[in-house]
Amino acid sequence: MYPLHLTVNGTAYDVEVDERRTLLDLVRETLDLRGPKKGCDHGQCGACTMIVNGRRINSCLSLALTHDGDEVTTVEGLSDGEDLHPLQQAFIEQDAFQCGFCTSGQLCSASALIEEIRKGLPSAVTGEGPVELSREEIRERMSGNLCRCGAYNNIVEAITSVAGEGR
């Protein structure tokens with residue numbers, strides 16, 4: 001067991017961690033935050049997506065010990081108490097989830113995506129010049145998050161409504 005200090009959703013934690021434990025397992029089993037899901041456990045579905053130091057990651061592939069001192073945000077940390085994050089509200093309004101299993105990963109990924117676009121960070125489909133919000137850009141950036149229910153069009157609409165309004 002090794003000591004680990006990290007901040008999750010604004011709360012500092014000091015825990016003892018086995019060197020083989022993933023960030024996903026630490027957050028779900030030790031910190032009892034059940035938002036991030038273990039979908040494939042191979043980094044292919046995105047259900048475990050968290051935001052670490054402003055970047056989205058597949059937490060099922062990331063060893064917890066590599067995050068000493070890091071700032072982690074899960075879906076629980078997106079809202080402000082009882083007030084939903086604008087993306088959470090947009091997902092409801094746009095019917096952007098069906099079963100809800102992938103929703104936490106979709107929301108974290110979408111939140112990071114909006115920040116990437118605001119910072120002008122390019123993706124594989126970004127052309128010359130400034131990064132612009134487009135459905136193609138959103139689809140590319142969300143391609144690591146699978147939805148077995150097929151709510152992709154509604155997810156894109158929800159992200160567009162939030163990013164387009166600057167919420």
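# Helices and sheet in a predicted model

Visitor: How do helix α2 and helix α3 cross?
Guide: The axes of helix α2 (residues 86-93) and helix α3 (residues 103-119) cross at roughly 125° and come within 10 Å. Axes are lines fitted to C-alpha atoms, for helices over the stretch in contact, and angles run from 0 to 180 degrees between N-to-C directions. Helices (H or I, at least four residues) and strands (E, at least two) are DSSP runs, numbered from the N terminus.

Visitor: What does that make α2 relative to α3?
Guide: That angle makes α2 oblique to α3. Angles under 35 degrees count as roughly parallel, over 145 as roughly antiparallel, 65 to 115 as roughly perpendicular and the rest as oblique.

Visitor: Which residues make the contact?
Guide: From α2 they are L87, Q88 and F91, and from α3 they are T103, Q106, L107, A110, S111 and I114. Contact means heavy atoms within 4.5 Å.

Visitor: How do those residues divide into nonpolar, polar and charged?
Guide: Five residues of the contact of α2 with α3 are nonpolar, four are polar and none is charged. Ala, Val, Leu, Ile, Met, Phe, Trp, Tyr, Cys and Pro count as nonpolar, Asp, Glu, Lys and Arg as charged, and the others, Gly among them, as polar.

Visitor: Before we go on, what kind of model is this?
Guide: This is a predicted model, in which local features need pLDDT of at least 70 and side-chain atom pairs count only at pLDDT 80 or more, while totals for chains, interfaces and linings use all residues. Residues are numbered from 1 along each chain as its sequence is written, and side-chain values use heavy atoms, with hydrogens and water left out.

Visitor: Now the sheet. In what order do the strands come?
Guide: The order is β2-β1-β5-β3-β4, five strands in an open sheet with mixed pairing. Two strands pair if DSSP finds at least two bridges between them. The edge strands, β2 (11-17) and β4 (55-58), each pair on one side only. From one strand to the next, the twist averages 40°.

Visitor: How do β3 and β4 pair?
Guide: Strand β3 (residues 49-52) and β4 pair in the antiparallel sense, over four bridges. T49 has N58 in β4 as its bridge partner. β3 and β4 form a hairpin with two residues between them, and N53 in the turn has a positive phi of about 50°.

Visitor: Which strands does α3 lie across?
Guide: α3 lies across β3, β4 and β5 (71-73), and runs at about 40° to β3. Helix α1 (residues 23-30) lies across β1 (2-8), β2, β3 and β4, at about 100° to β3.

Visitor: Is α1 mostly covered or uncovered, and what covers its buried residues?
Guide: α1 is mostly covered, with six of its eight residues buried. Buried means under 20% relative accessible area, exposed over 50%, partly exposed in between (1.4 Å probe, protein chains only). The buried residues are L23, L24, D25, L26, V27 and R28. Their cover includes β1, β2, β3 and β4.

Visitor: Why does V27 count as buried?
Guide: V27 counts as buried because its relative accessibility is 0%. Not counting residues up to four places away in sequence, V27 touches D32, L33, P36, M50 and T74.

Visitor: And what does D25 touch?
Guide: D25 touches T30 and K38, again not counting residues up to four places away in sequence. D25 is buried, with a relative accessible area of 15%.

Visitor: What follows α1?
Guide: α1 is followed by D32, whose phi is positive, near 60°.
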